[in-house]
Amino acid sequence: MRYCLLLLTLWYCAVNGLLYPAESETRQIRSLDGLWQFRLDEDGVGETEQWFAKPNLPQPTILMPVPASYNDITQNITIHRHIGWVWYARDFFIHNTAPRWVLRFQAAHYETHVWVNGQSAMNHSGGHLPFEADITRFISINESYSKVRVVVAINNTLTSTTLPPGYLHIYNPTYRYLETPFDFFNYAGIDRSVILYSTSNIYIQDIAIDTQSINFDNQHVATSAILTYSITIGGTNRANSLHVLIELLDANGIVVANNTDSQSRLVVNKPNLWEPCGMNHTHPCTEESYLYTLQVTLYNDASSSSSSSMNVVDIYRISHIGIRTIRLTDSKFLVNERPFYFHGANAHEDSDIRGKGFDRVILTKHFNLYGWLHGNAFRTSHYPYADEFYQMADRFGIAIIDETPAVGLSATQFVSQATLDHHKQVVIEMISRDRNHPSVLMWSLANEPKSDAPSAKEYFSTLANFTRPLAAGRPITYVISASYNGDQGIQFFDMICVNRYFGWYSEPGRLDQIPWLVSQELANWRRRFPNKPILMSEYGADTVPGLHNDPSFMFTEEYQNDFLSAYHGSFDNVSSIIHPDTGYFVGELVWNMFDFATEQSINRVAGLNRKGLFTRQRQPKAAAFIMKNRYEQLELIRTMKSKTIQ
């Protein structure tokens, strides 16, 4: 069938081009990671002086690894606490073997300007999400190879309209202070990979795929599934006769469904389902869930759709397709029509020396520890993580609550149209990038906003209405620190996610008060919103490893053990899996998996938040064993077997 150009809505056009760079028969991938030239621009003169057009950045320069946050790479405190512009540069060669080259930054924090061979190539505002540009026009096409110079300027200054927000105070020429309404260090730089990839002039620009429905027999075995998909084609020469072939391959590479329409559905008989790990009826979190591969082939002027006779233009594969459904009732979170209970620990992208810089060693250690812990879920607190986290979560069946970087929103932001517009754009970018991951079960649009402000009602109503059509079948929420009777916005969302620190930030040291306070908190939210499930999205206590006291005192390992255990009885009393007929509580996420860096302050010894179950070096505290045992026990709880839960 001839390829028909889709008539796309404006929002859909805005999110095209965020497919993860993947090598194929028609695409080359080249990493530009490594040591780049780097320097501070403390006076902010680099762009005026056109550093981007010079053969080298002006001295003094140093070597800076990419990806990495620049703050902790040196022994220079000025670089560690720098606020403002920094510059990166490197040269490389392209052998002109492809008609189109794209330069992609997986993320940089925060405001980024990029020049290629002295010409402006792209600008991007915001950290944690990718951006890219076709740089073919900047490359000489009259030679067999081209020398390319990339120069990048990045500014980590946060403002009242950025996400997250920040407030710059300038006391004198040598004392600039960025006030940040969030409790983690504002690491900056090119903190994820830089990638160069090639395509043909006509190329697969975007793919969206989701499970529409699954049919089960009376033993809850999947008999068939329907997946809906949409393919977008980009590039030039669209007058050519174009065809598209969509194939779904099982784990053995066998085609189990196919189609030749650019927007349609795939029917899979006897599908293997993607299951979240760590439930009685699913696999352990050290074993892999089932994934299919979606292969999209674009071809032209062919008499047959067989691969042997195609005139192939482009091929792209998504290797992490999971068949699964999500549905909420008034008291349960259902995955594949069975109750799911979130249990695990949130984290930050944070590690020694690298800051927020992506590192595959850290990534692999993270998931090895998660399997050991028996954790089956986490929230990307408080920003979208690197793509590779989602790929690993897909593989092992770890559920993700995907969160925007909207942390620390105040009443001032709620009346700012600029903030709302940027928030919408971030939502578009995050959902566009992550919607094809089966591990993403829910979208969180903010963390601990001042949602008891009257202006929060209109802001979050507008944001919810904007997001819901884009949500790709997932529920939407935000994470609440406001009181149950003060919050103005969660009424427009699907689930209650609450952060509470009884026995720490309130009632410090009073472990005996925790069970009653937690029980009252959950009951109060349930009375106000009887049709929404509830999840405890944060609870935790700072702990200095090796510090002990009997009886339990704050900051000791004994206190962290007793603190966490004091919450669990209240959770279990209203658990949706322990009490399937009356329970409404669907999960618990500890704060935090690892100790992480913060700004220096009198209550952050050595600039660390120490609520981790593990140290920043990924070694366990005593509480890690407490939580490991709890999560092992949660896996043994039998859930309801029926197909349909009302």
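This is a predicted model: local features need pLDDT of at least 70, side-chain atom pairs count only at pLDDT 80 or more; totals for chains, interfaces and linings use all residues.
The chain is divided into three parts: domain 1 spans residues 28-198, domain 2 covers 203-321, and domain 3 extends over 326-644. Taken over C-alpha atoms, the centres of domain 1 and domain 2 lie 36 Å apart.

An open sheet is formed by four strands in the order S1-S12-S5-S8, with antiparallel pairing. From one strand to the next, the twist averages 20°. Within this sheet, strand S5 (residues 100-105) is joined to strand S12 (residues 194-199) by six bridges, and the two run antiparallel. Trp-101 stands opposite Ser-198 in S12. S5 is also joined to S8 by four bridges, again in an antiparallel arrangement. Here Phe-105 has Phe-131 of S8 as its bridge partner. Phe-131 also belongs to the covered face of strand S8 (residues 131-134), together with Ala-133. The uncovered face of S8 carries Glu-132 and Asp-134. In a regular strand, side chains alternate between the two faces of the sheet.

A further open sheet comprises six strands in the order S3-S2-S4-S9-S6-S7, and its pairing is likewise antiparallel. Strand S3 (62-66) and strand S7 (119-125) stand at the edges; because each has a single partner strand, one side of each lacks a neighbour in the sheet. The twist in this case averages 30° from one strand to the next. Strand S2 (residues 34-41) and strand S4 (residues 85-95) run antiparallel and are joined by five bridges. In this pairing, Asp-41 has Trp-85 of S4 as its bridge partner.

Attention now turns to the helices. Helix H4 (residues 387-396) is mostly covered, with eight of its ten residues buried. The buried positions are Asp-387, Glu-388, Phe-389, Tyr-390, Met-392, Ala-393, Asp-394 and Phe-396. Gly-397 follows H4 and has a positive phi, near 75°.

Helix H8 (residues 514-528) contains Asn-524. The relative accessibility of Asn-524 is 13%, and this residue therefore counts as buried, the cut-off being under 20%. Asn-524 and Asn-485 are 39 residues apart along the chain, and their C-alpha atoms are separated by 8.3 Å.

Helix H9 (residues 557-573) packs with helix H10 (residues 622-635) at an angle of about 20°, and the axes of the two helices are 8 Å apart. H9 is therefore roughly parallel to H10, since angles under 35 degrees fall in that class. The crossing of the two helices is right-handed. On the H9 side, the contact involves Glu-557, Gln-560, Asn-561, Leu-564, Ser-565, His-568, Phe-571 and Asp-572. These residues meet Ala-622, Ala-623, Ile-626, Met-627 and Arg-630 in H10.

Key. Residues are numbered from 1 along each chain as its sequence is written. Side-chain values use heavy atoms; hydrogens and water are left out. Domain bounds come from an automatic or database domain assignment. Buried means under 20% relative accessible area, exposed over 50%, partly exposed in between (1.4 Å probe, protein chains only). Two strands pair if DSSP finds at least two bridges between them. Axes are lines fitted to C-alpha atoms, for helices over the stretch in contact, and angles run from 0 to 180 degrees between N-to-C directions. Angles under 35 degrees count as roughly parallel, over 145 as roughly antiparallel, 65 to 115 as roughly perpendicular and the rest as oblique. A crossing is left-handed if the near helix is turned anticlockwise from the far one by less than a right angle, and right-handed if clockwise. Contact means heavy atoms within 4.5 Å.
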